[in-house]
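Q: Could you walk me through the structure below, starting with what you count as a salt bridge?

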Amino acid sequence: MTMSAGWYLRRLSRMGPREVGGRVGDTVRRRRWRSTRPVCPSVTGARFTAVLPAGALAAVPPDAARRLVAEADRLMAGHAEFFGVERDDLVDPDWCHDPKTGRRAPWGYAFDVPYRSEEAVGDIKQIWELSRHQYLTVLAAAYAVTGDERYAERVAGHLRSWWAANAPLRGVHWTSGIELGIRLLSWVWVRRLLDGWPGAAGLFEENPVALRQIWHHQRWLAAFPSRGSSANNHVIAETAGQFAAACAFDWFPSSARWREDALRSLERQLRKNTFLSGVNRELASEYHGLVLELGLAALAEADAAGVPVPGAVRPVLLRMTDALAAVVDGRLRPPRQGDSDDGHGLVLDGPGTDRWGSLLATGDAVFGRLDWWPEVTGTDVRTPLLAALIRPYGKDGGGRVPSRPAARPAHFADAGMTVLRGPEDLWVRCDGGPHGFLSIAAHAHADALSVEVRHDGVDVLADPGTFCYHGQPEWRQYFRSTLGHNTLRLDGADQSVSGGPFLWTRHARSRVLVADTSDEKASRWVAEHDGYEDAVHRRTVELAAASREVTVVDEVRGPRRRSVELAFHLGPAVAAELTGNRAVLTWTRDGEDRSAVLDLPGELSWRAHRGESEPPLGWYSAGFGRKEPSTTLVGSGSADGLREFTTVLRFGD
């Protein structure tokens, strides 16, 4: 995917004067850096002191350690899976090779590499992911819990290989700040986890090559921050990585300045990226998790180094943790809202470790759980290690704890998110919030007034997910489209106008009119949006607990006749038998047969779609790079003046 002149004009239209000025300065700096070859300052007597406290590793639960070691052994054999692509070349990887397309990213000055072009580079996510070095933190953690030097030696070999193949400012791995920031955070933890290995100092602080790489990473991040309309989760990763490195690798003349600037930016950006309710402003659950992980990792470095953090940092992370506890379903799954690329801030665990349970366990250790929090039964490696570094909130300088919700919140007014709950873990998420964050809303979907419905953790009415970012524009368009969500489309158009794969030029504005969750027997939500010219779409959702019934009423008001399409996407586990305007839904959960009946509006003509590609329709993406057929029910018809369409979902015994 290459960007056209029209895209650049649309992108420019979403920037303010300050951002334009900053980007002009970035362009001048990139040109100047092409010919300048700065020398890393001389470092003598460097010591790594940001070690784990005594007893931290002993607190790792045995089952979590077993999962970790099993994954480490798989990595040692050269096997891994990234975004649906199985790799068997990790004994000696090619750092610029994309196993998905077979292409290899070109060499040269970093800012000349056309990383958005799959034809020239390959799938950039496949290339970048390995070089976040989060699989190396897994290997280093395996060394830390077992003492087996094979893991440490493999880590050392791969780091030396990467450093040799990726000279500063050369190649695809020096093009994106989020990649540099996450990589720095990984290196900090690799060094920490290898501290008992005799070769650790020789790999890092006594190694001129490592020192040069660490210095150039921090110099790059200080010079090219994500700014303006791009200051979303990327800037959090950049500042968290910069701060972590400036704390743990504080060996350079600029370390103190980098640390202070990064911490100041981190505090400011955490506040800007988070609603007062604690929900991430990108309204994309995976990025809520990423930002929370990065924030907790940065807090761990601050406390380990004895660096006081600004007063807003801990409260923001606390609110984010409480918000996560509030919105997850009975299986600890958050909403599938907005973009998702499976990005993690810090990886210390093997597969089978629940990401969201891990975050809540860390929140419990650091902030303390509230009575209404869901129970976390799983274990992980990361929680006891982070908890060993982070001072408990309100103790030993950890800050004064702000007030917290006395009961589980159901409505987040600033985020426009409402969760209705019923018996048997019946969970309904209603979306009446802003289209996205900042002027480009990069990770938003055209999903105003969409709903998700889960029964005991099973997606019944599902958000289909994300699947891809670059290289497959027709799939990117589908998964972020209005038709790709459980909502209503008029005249075949999206509610918001896309200007590119991470750019929206017009945002639908939603407002919640009613969010009544006070009655345990019945809850009601009403919202509307103005995404369609001279027409308003209003939706009412009611959950009746006794009858286990969800009613959705869609109202279209406008002066002229419009074509209407109403879509309901079923989860991949759900089979549907559609007869007329009634669909019988069946699925299995924990060996038990479950069912529901979906009565659809008779005013529309209904068809079931599954696994269609031209155009895409009837797909579910469980994770980035992966998709599978699922059933989508689409009703077509028209509306003029005032028209209502009623859908009723009834769950069986």
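A: A salt bridge is a side-chain nitrogen of Lys or Arg within 4 Å of a carboxyl oxygen of Asp or Glu. This is a predicted model, where local features need pLDDT of at least 70 and side-chain atom pairs count only at pLDDT 80 or more, while totals for chains, interfaces and linings use all residues. Residues are numbered from 1 along each chain as its sequence is written, and side-chain values use heavy atoms, with hydrogens and water left out.

Q: How many salt bridges does that rule give?

A: The count comes to 56 salt bridges.

Q: What about Arg524 and Glu542, how do their side chains meet?

A: Their side chains form a salt bridge, with N to O at 3.1 Å. Arg524 sits in strand S12 (residues 522-532) and Glu542 in strand S13 (residues 535-544), so this pair links distant parts of the chain, 18 residues apart; here helices (H or I, at least four residues) and strands (E, at least two) are DSSP runs, numbered from the N terminus.

Q: Are Arg429 and Asp463 buried or exposed?

A: Both Arg429 and Asp463 are buried, where buried means under 20% relative accessible area, exposed over 50% and partly exposed in between (1.4 Å probe, protein chains only). Their side chains meet in a salt bridge of 3.9 Å, N to O. Because Arg429 lies in strand S5 and Asp463 in the loop between S7 and helix H17 (473-479), the pair ties together parts that are 34 residues apart in sequence.

Q: Which sheet is S5 in?

A: S5 belongs to an open sheet of 5 strands with antiparallel pairing, in the order S3-S4-S5-S6-S7. Strand S3 (411-412) and strand S7 (458-461) are at the edges with a single partner strand each, so one side of each has no neighbour in the sheet. Two strands pair if DSSP finds at least two bridges between them, and S5 (residues 426-431) pairs with S6 (residues 451-455) over 5 bridges in the antiparallel sense.

Q: Switching topic, where is Arg154, and is it buried or exposed?

A: Arg154 is found in helix H7 (residues 149-165). Arg154 is buried yet has no salt bridge, and the nearest side chain of opposite charge, Glu153, is 8.3 Å away; for charge, Lys and Arg count as positive and Asp and Glu as negative, with His and the chain ends not counted.

Q: What does Arg154 touch, then?

A: Not counting residues up to four places away in sequence, Arg154 touches Leu75, Met76, Leu90, Val91 and Leu139, where contact means heavy atoms within 4.5 Å.
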